[in-house]
Amino acid sequence: MMIESRCGLRCRDCEYREQMNCPGCVHMDKPFWGESCPIKSCCEQKEHDHCGQCKDFPCALLNQFAYDEAQGDDGKRIEQCRLWLEG
């Protein structure tokens with residue numbers, strides 16, 4: 001099992017991976033799209049590999065990302081975290 005992101009996003013399916021030369025958030029200090037990612041920061045501060053390992057999973061912040069009208073994925077990343085947890 002390979003954890004690709006903190007939030008459950010499947011990097012191999014992301015259109016920005018090659019376009020932005022993105023190695024995935026588990027392999028970078030800051031995202032290409034801004035100074036920081038609140039999901040990545042939270043997850044790493046709690047020393048989790050991904051959000052599914054958190055006692056608050058899925059939290060309001062992860063839900064906000066997963067169901068965002070512009071960038072969300074209708075909860076697919078939340079389901080991916082569940083799959084990684086069952087791993």
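Arginine 6 counts as buried, because its relative accessibility is 12%. Buried here means under 20% relative accessible area, exposed means over 50%, and partly exposed lies in between (1.4 Å probe, protein chains only). The model is predicted: local features need pLDDT of at least 70, side-chain atom pairs count only at pLDDT 80 or more, and totals for chains, interfaces and linings use all residues. Residues are numbered from 1 along each chain as its sequence is written, and side-chain values use heavy atoms, with hydrogens and water left out.

Arginine 6 has a charged partner. Its side chain meets that of glutamate 44 in a salt bridge, at 3.1 Å from N to O. The pair links distant parts of the chain, 38 residues apart: arginine 6 sits in the segment before α1 (16–19), and glutamate 44 belongs to helix α2 (residues 38–45). A salt bridge is a side-chain nitrogen of Lys or Arg within 4 Å of a carboxyl oxygen of Asp or Glu. Helices (H or I, at least four residues) and strands (E, at least two) are DSSP runs, numbered from the N terminus.

Glutamate 44 counts as partly exposed, at 34% relative accessibility. Glutamate 44 also forms a salt bridge with lysine 40, where the closest N and O atoms are 2.6 Å apart. Lysine 40 is buried, with a relative accessible area of 5%. Lysine 40 and glutamate 44 are four residues apart in helix α2, so about one helical turn separates them. An α-helix has 3.6 residues a turn, so residues three or four places apart point the same way. Together, Arg6, Lys40 and Glu44 are linked in a network of salt bridges.

The structure holds nine salt bridges. One of them joins the side chains of glutamate 4 and arginine 12, at 2.7 Å from N to O. Glutamate 4 counts as buried, at 4% relative accessibility. Arginine 12 counts as partly exposed, at 47%.

Now turn to helix α4. This helix covers residues 76–86, and Arg77, Ile78, Gln80, Cys81 and Trp84 are buried in it. Seen down the axis of α4, these buried residues fall within an arc of 160 degrees, so they line one face of the helix. The arc is that of the directions from the helix axis to the C-beta atoms. Lys76 and Glu86 are exposed on the other side of α4. What do the buried residues of α4 pack against? They pack against α3 (60–66). Contact means heavy atoms within 4.5 Å.

Step back to the chain. Its secondary structure comes to four helices and zero strands. From the N terminus on, the elements run α-α-α-α. Of the 87 residues, 36% count as buried. Among contacts with a separation of 6 or more, 46% come from residues 24 or more positions apart.

The overall dimensions complete the picture. With 87 residues, a compact globule would have a radius of gyration near 12 Å, and the chain agrees, at 12 Å. This radius is taken over C-alpha atoms, and the globule rule is 2.2 Å times the number of residues to the power 0.38. Along the principal axes, the C-alpha atoms fill a box of roughly 35 × 25 × 25 Å. The accessible surface of the chain comes to about 6000 Å², of which 47% belongs to carbon and sulfur atoms.

Key:
Areas by Shrake-Rupley, 256 points an atom, 1.4 Å probe, with all protein chains shown as cover.
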